[in-house]
Amino acid sequence: MAAFSDDFNRADSSNLGPGWVEVTGGWAIVSGQLSPGDGGGTIILRAAGAMDSSDNYAQATIAATTAASHGVWCRGNSGITNGYLWRNDGSEWTLFSVVSSTFLAIGSYAAAAAPGDVMRVQAVGSTIKGFVNGIQRVSVTDTAVATGTGVGIRCISTNALRFDDFTAGDVVAGVALTAAAETDSAQAFLGAKAATAGLAAATEAAQVTGGSKTAAVGAAGETQTAQALVGAKAVLAPAAAESDTARPLTGVKIAALGTAVETSTARPIAASGTDGGIDTVLVGTPHGAWAAGRARVPTWSAGTPRA
């Protein structure tokens, strides 16, 4: 497969280098872009190398544009007197077949070119296509040009046009793939794989619990073992019984005394006095009515009969 590309990123020059053949016109490199000069008229540029097959494409970026014919061509001969051209004229994209220098429009897409647009023409078998910015805008079946390995650019010579990033190459026709068989061999897993897990079986082996686990605790049974009291405890005491044992009184006590009884035990007289001349009194001997210690007129001895 042949391929060719040029980004034009080199010094300004009227010599494009060995990769190009200036079929007509005075092409040049200006500020890293391709310029068609300013000579007027239609000019043609061709890649020096031919493609390997007649199924090929040509593509370029429009760096600057104006309402003048400019485009890319493929499946052409050395001077594009035969081939396919995809060009814009300022208002419309048109696909042409070229046979013996006669241009015939075979498809179109109404849109003006804009700076930065990528234009591409492609011929594979009898299917000819035109693209803008990677989007297919025209596709037709045409057999007017069956062979050709030349690719390039064709435009009006004006300084208002600039091109960049030209590429071209052979196109390998795609092969339609058959439907995949329903049964395939499983491939071995290499490295990390992600797969959708199926539903877990109803019965599974319990796994060993590792580390801390959190689980809902069931309701406690109605009968529980009392736990020992540790440390200070507060207990509500029941009401005291009606009969209590009296506690002894300590310290000073004050109590009300009851009424004294009329009969008391006489205290002994410690000594006889001299009041009234009484020297001796015998306690316990009956006497007449008198008060002890009161003076008496006569002197008498206890126990002596009185007249």
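**Note on a predicted model: a loop residue, ring pairs and salt bridges**

1. D38 is found in the loop between β4 (33–35) and β5 (42–47). Strands (E, at least two residues) and helices (H or I, at least four) are DSSP runs, numbered from the N terminus. This is a predicted model, in which local features need pLDDT of at least 70 and side-chain atom pairs count only at pLDDT 80 or more, while totals for chains, interfaces and linings use all residues. Residues are numbered from 1 along each chain as its sequence is written, and side-chain values use heavy atoms, with hydrogens and water left out.

2. Is D38 buried or exposed? With a relative accessibility of 55%, D38 counts as exposed, because exposed means over 50% relative accessible area, buried under 20%, and partly exposed in between (1.4 Å probe, protein chains only). Leaving aside neighbours within four places in sequence, D38 is in contact with S157, T158 and N159; contact here means heavy atoms within 4.5 Å. D38 and N159 are separated by 121 residues in sequence, yet their C-alpha atoms are 5.2 Å apart in space.

3. The aromatic rings deserve attention next. Rings of Phe, Tyr and Trp (its six-membered ring) pair if their centres lie within 6.5 Å; planes under 30 degrees apart count as stacked, over 60 as edge-to-face and the rest as tilted. The count by this rule is six aromatic pairs. In one of them, the ring centres of F4 and W20 are 5.1 Å apart and the planes stand at 80°, so this pair is edge-to-face. The pair links distant parts of the chain, since F4 belongs to strand β1 (residues 3–6) and W20 to strand β2 (residues 20–22), 16 residues apart. W20 is buried, at a relative accessible area of 8%.

4. F4 also pairs with F166, and this pair is tilted, with 6.1 Å from centre to centre and 55° between the planes. Here too, distant parts of the chain are linked: F4 lies in strand β1 and F166 in strand β15 (residues 162–170), 162 residues apart. F166 is buried, its relative accessible area being 1%. Ring pairs join F4, F8, W20 and F166 into a cluster.

5. Which rings does R120 lie over? R120 lies over the face of Y57, at 3.9 Å from the ring centre, and the charged end of R120 also sits over the ring of F131, 5.9 Å from its centre. A charge sits over a ring if NZ of Lys or CZ of Arg is within 6 Å of the ring centre and within 35 degrees of the ring normal.

6. How many salt bridges are there? The count is three, where a salt bridge is a side-chain nitrogen of Lys or Arg within 4 Å of a carboxyl oxygen of Asp or Glu. D6 bridges to R10, with the closest N and O atoms 2.8 Å apart. D6 is buried, at 10% relative accessible area, whereas R10 is partly exposed, at 34%.

7. A salt bridge also joins D55 and R75, the closest N and O atoms being 3.1 Å apart. D55 lies in the loop between β5 and β6 (56–64) and R75 in strand β7 (residues 70–76), so the pair ties together parts that are 20 residues apart in sequence. D55 counts as partly exposed at 23% relative accessibility, while R75 is buried at 2%.

8. D89 and R87 form a salt bridge as well, with their closest N and O atoms 3.4 Å apart. D89 is partly exposed, with 29% relative accessibility, and R87 counts as buried, with 17%.
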